[in-house]
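Reader: Hi! I'm new to this one, could you walk me through it?

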Amino acid sequence: MLDELRKPEYTGENRCWPCTVLNAIILLSACAGVIKLYPGTRTRRLGVASAVGIVGGAAIALRGYLVPGTPQIAPKLAARLSPKPRPPAETGSLAGEPDEDVGERALSALLEAGIVHAVGESLHLDEGFRTDWRDEMTTLRSGNLGAAVRNASPSLVTTESVNDDEYIVVTTDGDEIENERWLSRPVAIAEVAATRALDEYDIDPDVRVQSASALRAFLNDCPVCDAPLKVTSADNCCGSGTSSPLAPPDEVLACPDCDQRVFTF
């Protein structure tokens, strides 16, 4: 039974301490509320509070959290409160969460537009598009990247540049932390530049941003520093990004000079 309750992706070496601290605070607040508000004698209130504390503490110890959703919220909250905000283990994309159906539409659109060519079982980027894309990246390096991200986003967003422009934090639906996406500078430059280069092609705006995200797999050089990119293990550049300690590390396309992943395969 205990094995069913355990969440190894959130405990042991994988324990998220901001999440643990947040859940402990919530648990202590709940116990204090029981002592103050629960009907009955003081002895009964202390007994109920102790039971809540034991059950809640066991949940935090076994699962890493008590309140569902806090593993996603707590790291972002800690990053916001830190003097130097730390990005989450997995940075995001203009396209948001991966969507298999939209991804297939994006690939089909790129093939139909001649931006990507199928050669046997391999896909190759059109060199003319690559040149246009690279020109847009060069322009973006010296501009206001946050404003460029806002203009390229398919929905209304706010942006914040953090850690000396190393990341652009994108927020939708107001200022809710759970809706944040952290875009590394290489990803932001590559995707915004791709959407601009795609303006010349007849691609549905609904899939243009998703297409820009997929195009990162075809990069040869870093969008920020022009260093040659390498296919490597995430363990060797910027953290595994896997949800399970038993899972192999992600294979990524990364810049060794910037120590940033550009695409996760």
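Predicted model: local features only at pLDDT ≥ 70, side-chain atom pairs only at ≥ 80, totals over all residues.

Reader: Thanks! How many helices and strands does the chain have?

Author: The chain has 9 helices and 8 strands. Helices (H or I, at least four residues) and strands (E, at least two) are DSSP runs, numbered from the N terminus.

Reader: And what share of the residues is buried?

Author: Of the 265 residues in the chain, 37% are buried. Buried means under 20% relative accessible area, exposed is over 50%, and partly exposed lies in between (1.4 Å probe, protein chains only).

Reader: What about contacts between residues at least 6 apart in sequence?

Author: Among those, 58% join residues at least 24 apart. Contact means heavy atoms within 4.5 Å.

Reader: Let's move to helices. At what angle do α6 and α8 cross?

Author: Roughly 125 degrees, with the axes of α6 (residues 127–141) and α8 coming within 8 Å. That makes α6 oblique to α8. Axes are lines fitted to C-alpha atoms, for helices over the stretch in contact, and angles run from 0 to 180 degrees between N-to-C directions. Under 35 degrees counts as roughly parallel, over 145 as roughly antiparallel, 65 to 115 as roughly perpendicular and the rest as oblique.

Reader: Which residues meet there?

Author: From α6, they include Phe129, Trp133 and Met137, and from α8, Ile189, Val192 and Leu198 are among them. The residues of this contact of α6 with α8 divide into 11 nonpolar, no polar and 5 charged. Here Ala, Val, Leu, Ile, Met, Phe, Trp, Tyr, Cys and Pro count as nonpolar, Asp, Glu, Lys and Arg as charged, and the others, Gly among them, as polar.

Reader: What does α8 do with α9?

Author: The axes of α8 (residues 185–198) and α9 (residues 205–215) come within 8 Å and cross at roughly 125 degrees. So α8 is oblique to α9. In α8, Glu191, Ala194, Thr195 and Leu198 meet α9 residues including Arg208, Val209 and Leu215. That contact of α8 with α9 divides into 5 nonpolar, 3 polar and 2 charged residues.

Reader: Is α9 mostly covered or mostly open?

Author: Mostly covered, as 8 of the 11 residues in α9 are buried. Val207, Gln210 and Ala212 are among the buried residues of α9.

Reader: New topic: where is arginine 261?

Author: Arginine 261 sits in strand β8 (residues 260–264). Arginine 261 counts as buried because its relative accessibility is 8%.

Reader: Which side chain does its side chain make a polar contact with?

Author: The side chain of threonine 264, at 3.3 Å. A polar contact is a pair of N or O atoms within 3.5 Å; within protein, one must be able to donate a hydrogen and the other to accept it, and residues adjacent in sequence count only if both atoms are side-chain atoms.

Reader: One last thing: what is phi of asparagine 163?

Author: Near 50 degrees, a positive value in a residue other than glycine. Most residues other than glycine have a negative phi. Asparagine 163 lies in the loop between β3 (158–162) and β4 (167–171), and counts as buried at 13% relative accessibility. Aspartate 165 is found in the loop between β3 and β4, and has a positive phi of about 70 degrees. Aspartate 165 is partly exposed, with a relative accessible area of 39%.

Terms used. Residues numbered from 1 in each chain as written. Heavy atoms only, no water.
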